[in-house]
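Work through the exercises below with the model open. Each task comes with a solution in steps.

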Amino acid sequence: MNKVRGSAAEAVADIPDGASLAVGGFGLSGVPDTLIRALYARGVGGLKVVSNNCGVYGRGLGVLLDAGRIARVTGSYVGENKEFARQYLSGELEVELLPQGTLAERLRAGGAGIPAFYTPAGVGTQVARGGLPWRYAPDGTVAVASPPKETRDFGGRPYVLERGIRTDYALVRAWRGDHHGNLVFRRAAANFNPLAAMAGRVTVAEVEELLAPGELAPDEVHLPGIYVQRVVALSPEEAADKQIEHLVMSASSTRGTVRS
């Protein structure tokens, strides 16, 4: 029952080249940076990543992307990463873009043992019809396009079939966790982290505060330890190392506001 590992390097030591990874975080909030850096240090490549976004230069999944370690991305937002755009348009990176809610539900469904579900999101678009460019050829033509998806009517409304996602591993970050892998997420970090954790066959969680068994009340737990196989306690410095994408100062206030 004690799932604590001595270091991030130990926790990701068996992740091989070509593995599929569900990675938590929203923007730069709740991103498992310490686990990502440990994976980068191992030198593995050809990774197939499922995540809301792919980080930015030098942070989050951008560390692996910049090093050419990611072969495929399934995500819903890529607007802050110029290197991502360059690799995609040059044919170095395969990309499957999804509506954000569809991505979230595909991760949750996979973790819950649901192989597929119907959703109205994407009906009447290339998401359903197929033909979205997943990978470009070096000459700019489409080398791999998305296939068409099954659609059905329910109650007179069309829906498109989407499949649940399961990955070899998942990397997530939690605010608090115990030795049994029970996790608590804080604010925006609760967005994709629980869903990514559910989708991984082997889930590794880095936690800002590690607690002994029994210190978390059952009602506090956002994700039960049955979904988590390994836990890594962050140092105070690692726990405090949090970034935002944009610092915005309000022109109408001398105090200013911070928005991420």
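**Exercise 1. Enclosed space**

Start with the second largest cavity, which holds about 30 Å³ of space. A cavity is a set of points, on a 1 Å grid over the protein atoms alone, where a 1.4 Å probe fits but cannot get out. Grid points are joined across faces, edges and corners, and a volume is the space filled by probe spheres set on the points. The model is predicted: local features need pLDDT of at least 70, side-chain atom pairs count only at pLDDT 80 or more, and totals for chains, interfaces and linings use all residues. Residues are numbered from 1 along each chain as its sequence is written, and side-chain values use heavy atoms, with hydrogens and water left out.

Task: Which residues line the second largest cavity, and how do they divide into nonpolar, polar and charged?

Solution. 
- Step 1. Lining residues have an atom within 4 Å of a point. For the second largest cavity they are Asn 53, Cys 54, Gly 55, Tyr 77, Val 78, Gly 79, Glu 80 and Asn 81.
- Step 2. Ala, Val, Leu, Ile, Met, Phe, Trp, Tyr, Cys and Pro count as nonpolar, Asp, Glu, Lys and Arg as charged, and the others, Gly among them, as polar.
- Step 3. The lining splits into 3 nonpolar, 4 polar and 1 charged.

Task: How much space lies in the largest cavity, and what lines it?

Solution. 
- Step 1. The count comes to 2 cavities of 30 Å³ or more.
- Step 2. The largest cavity holds about 50 Å³.
- Step 3. Its lining includes Gly 24, Gly 25, Val 31, Ser 51 and Gly 60.
- Step 4. That lining has 3 nonpolar, 7 polar and no charged residues.

**Exercise 2. Asp 33**

Task: Is Asp 33 buried or exposed, and what does Asp 33 touch?

Solution. 
- Step 1. Buried means under 20% relative accessible area, exposed over 50%, partly exposed in between (1.4 Å probe, protein chains only). Asp 33 has 8% relative accessibility, so Asp 33 counts as buried.
- Step 2. Contact means heavy atoms within 4.5 Å. Asp 33 touches Arg 59, Gly 60 and Glu 206, leaving aside residues up to four places away in sequence.
- Step 3. Other buried residues of α2 (residues 33–42) include Leu 35, Ile 36 and Leu 39.
- Step 4. Just after α2, Gly 43 has a positive phi of about 85°.

Conventions. Helix = DSSP H or I, 4+ residues; strand = E, 2+ residues; numbered from the N terminus. 1 Å grid on protein atoms, 1.4 Å probe; cavity = no way out; pocket = protein on both sides within 12 Å on 5 of 7 lines; lining within 4 Å.
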